[in-house]
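Subject: Structure handover

Hi,

Here is the structure you are taking over. My notes on its contacts follow below.

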Amino acid sequence: MSIGKAVAIFSSFTFLSRILGFVRDILSASILGAGFVADCFFVALKLPNFFRRLFAEGAFSAAFVPVFTATLTKDGKEEALSFAESAFSCLLVVLLSLVALMEVFAPGLIYILTGGFGDDEVKFQLAVLLTRFTFPFLLCVSLVSLLGGILNALGKFSETAATPIILNLCMISALIFFSNSMDTPAHSLAIAVTLAGIIQLIWLYFACRRVGYRLRLVMPKVTPKVKQMLVIMMPVALGAGVIQVNLMLDLILAARLPNGSISFLFYADRLNQLPVGVIGVALGTVLLPMLARNIAEGNADECNYNQNRAIELGLFLTVPAAIAFMVVPYPLIHVLFERNAFTNADSWQTAYALMAYAAGLPAYVLAKVFSPGYFARQDTKTPVKYAMVALVVNMTLNLILMQYFAHVGLAMATAISAWLNVALLAGGLIRRGHFSFDRSVLIRLSKYALASAVMGGVVWGLMAPVSDLIAGPLLMKVTGLLILISSGVGSYIVMTLVTGAFSLREMKALLRRKKAPAADNAS
């Protein structure tokens, strides 16, 4: 399958999931607002997600997929299945132990992260209880990551891409039907998170069975392949840990800012993560098994070609999205989230955070393109070094910028450190001769920038004419926002066609399976 077709499949499911995610967030903003209950739930949601990204999407996926792909390519299905079963059993034992420890020591961890929420005992105890509800989600979703890795390596991306839809449907159902059935709506939401993890695990287990990979529980044993995976995994775990510690430190600092700061950052990041999730995560997920296969086959040209096409696809959507988020953040936040418990002041504070996050949006996507270049070669140490440099810079900027810009300073520091990380990742691959930019990519990126600038001017110019609509009743708000969005999308598409940045012929070519053409490199 071509990278364009694979990304299109994954992105379509992810886009549906993100739309449902926005429905969930709109309901959350309306029912939870941005007060202390919302802060407690977002803390409880971040903790299992922290470990999920560390062990599942981070270290485990980056180590499992290349080893599984190489085993499948060189040794066949039976050896690959045996390796997957051993890895599954070992992961299950580790996760059961971790979840048990976290259930016991949740109060201590919450206190460390939040400082006891300024000795607010009610807020602290609520955060502890919600964390105990959500943490079993880690067990399920980490095993889901392994099953998804098997499917991705086989070129089956749709089942894995559909799993977040299950989470969003469970949380939406909790908000609509059960928000008044417990002490707070956050209680039902936290339980829905873990229930979703169980359903996701069942969904992917049967998806693997359908393609002939029926995993059995075997005695946990560190086989040579599992040992190889662990050796690769350790540096990735450290690197992923550095990134996640970076995010957790943001949480720790935000918890010491005025009430609502955590929620402002959460809602801003959710909107900012839409293009990252739709295109960035899709690129990273699709690219890793592709590059691993290219390298196992000794096809360096195909590897370089796939990474260049990934850059084109990624920035085609994220450059205009970043400009839009920086030019018109308030109408987006105001229309999507401002109702009931979410006030106009909350909208403005969230909009400021969105502007800051958006400055780093292209960097978040590029990191998903360059990181597989290391992981596919089983080099997991170099990204760790770069991540640690970015962490030091981020923390330094956090402490400086939050003094002047409060929660917005934390978002600004995140964006700056993201660009530093991407510069280091790209530079490392180029110096080693593992990557070079196509001349066509560099020309195309300049055209994206021009088209995005024109789009930004069009949207900015329309702000005054639609301001009365944005300030009106809900139907008028939505109409005004749709005018801004459609005008922005339309002007961007027109400019990409006028400048030749992208054409329908090239899009069709990307969706067809093809080998890399002769190299045409800029470096």
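Start with the ring rule: rings of Phe, Tyr and Trp (its six-membered ring) pair if their centres lie within 6.5 Å, and planes under 30 degrees apart count as stacked. By this rule the model, which is predicted, has 19 aromatic pairs.

Phenylalanine 64 belongs to helix α2 and phenylalanine 83 to helix α3 (residues 77-119), so the pair ties together parts that are 19 residues apart in sequence. Phenylalanine 64 is buried, at 1% relative accessible area. Phenylalanine 83 is buried too, at 3%.

Leaving aside neighbours within four places in sequence, the residues in contact with phenylalanine 64 include Ala84, Ala87, Leu146, Gly149, Ile150 and Met229.

Rings also group beyond pairs. Phe41, Phe42, Phe266, Tyr267, Phe337 and Phe342 form one aromatic cluster. Separately, lysine 77 lies over the face of tyrosine 213, 5.2 Å from the ring centre.

Now the core. The largest nonpolar core holds 164 residues, and Phe41, Phe64 and Phe370 touch the most other members. Helix α9 (residues 261-296) supplies the largest share of this core, with 18 residues.

Next, charges. How many salt bridges does the structure hold? There are nine. Three of them are described here.

- Aspartate 39 and lysine 123: their side chains meet in a salt bridge at 3.7 Å, N to O. Aspartate 39 is in helix α2 (residues 36-75) and lysine 123 in helix α4 (residues 121-134), so the bridge ties together parts 84 residues apart in sequence. Aspartate 39 counts as buried, at 2% relative accessibility. Lysine 123 is buried, with a relative accessible area of 5%.

- Lysine 225 and aspartate 75: this salt bridge is at 3.7 Å, N to O. Lysine 225 is in helix α8 (residues 224-255) and aspartate 75 in helix α2, and the pair links distant parts of the chain, 150 residues apart. Are these two buried or partly exposed? Lysine 225 is partly exposed, at 26% relative accessible area. Aspartate 75 counts as partly exposed, at 42%.

- Arginine 444 and glutamate 312: the closest N and O atoms are 3.1 Å apart. Arginine 444 lies in helix α16 (residues 439-470) and glutamate 312 in helix α10 (residues 300-327), 132 residues apart, so to the list of links between distant parts of the chain this pair belongs. Both residues, arginine 444 and glutamate 312, are buried. Salt bridges with shared partners join Arg309, Glu312, Asp438 and Arg444 into one network.

Last, a proline. Proline 362 is in helix α13 (residues 361-375). Proline 362 is buried, with a relative accessible area of 9%. Which residues does proline 362 touch, not counting those up to four places away in sequence? They are Leu315, Thr318, Ala322 and Trp419. The C-alpha atoms of proline 362 and proline 275 are separated by 9.3 Å, and these two prolines are 87 residues apart along the chain.

Best wishes

Note on methods. Residues are numbered from 1 along each chain as its sequence is written. This is a predicted model: local features need pLDDT of at least 70, side-chain atom pairs count only at pLDDT 80 or more; totals for chains, interfaces and linings use all residues. Side-chain values use heavy atoms; hydrogens and water are left out. A nonpolar core is a set of buried Ala, Val, Leu, Ile, Met, Phe, Trp, Tyr and Cys residues joined through side-chain atoms within 4.5 Å. Buried means under 20% relative accessible area, exposed over 50%, partly exposed in between (1.4 Å probe, protein chains only). Helices (H or I, at least four residues) and strands (E, at least two) are DSSP runs, numbered from the N terminus. Contact means heavy atoms within 4.5 Å. A salt bridge is a side-chain nitrogen of Lys or Arg within 4 Å of a carboxyl oxygen of Asp or Glu. Rings of Phe, Tyr and Trp (its six-membered ring) pair if their centres lie within 6.5 Å; planes under 30 degrees apart count as stacked, over 60 as edge-to-face and the rest as tilted. A charge sits over a ring if NZ of Lys or CZ of Arg is within 6 Å of the ring centre and within 35 degrees of the ring normal.
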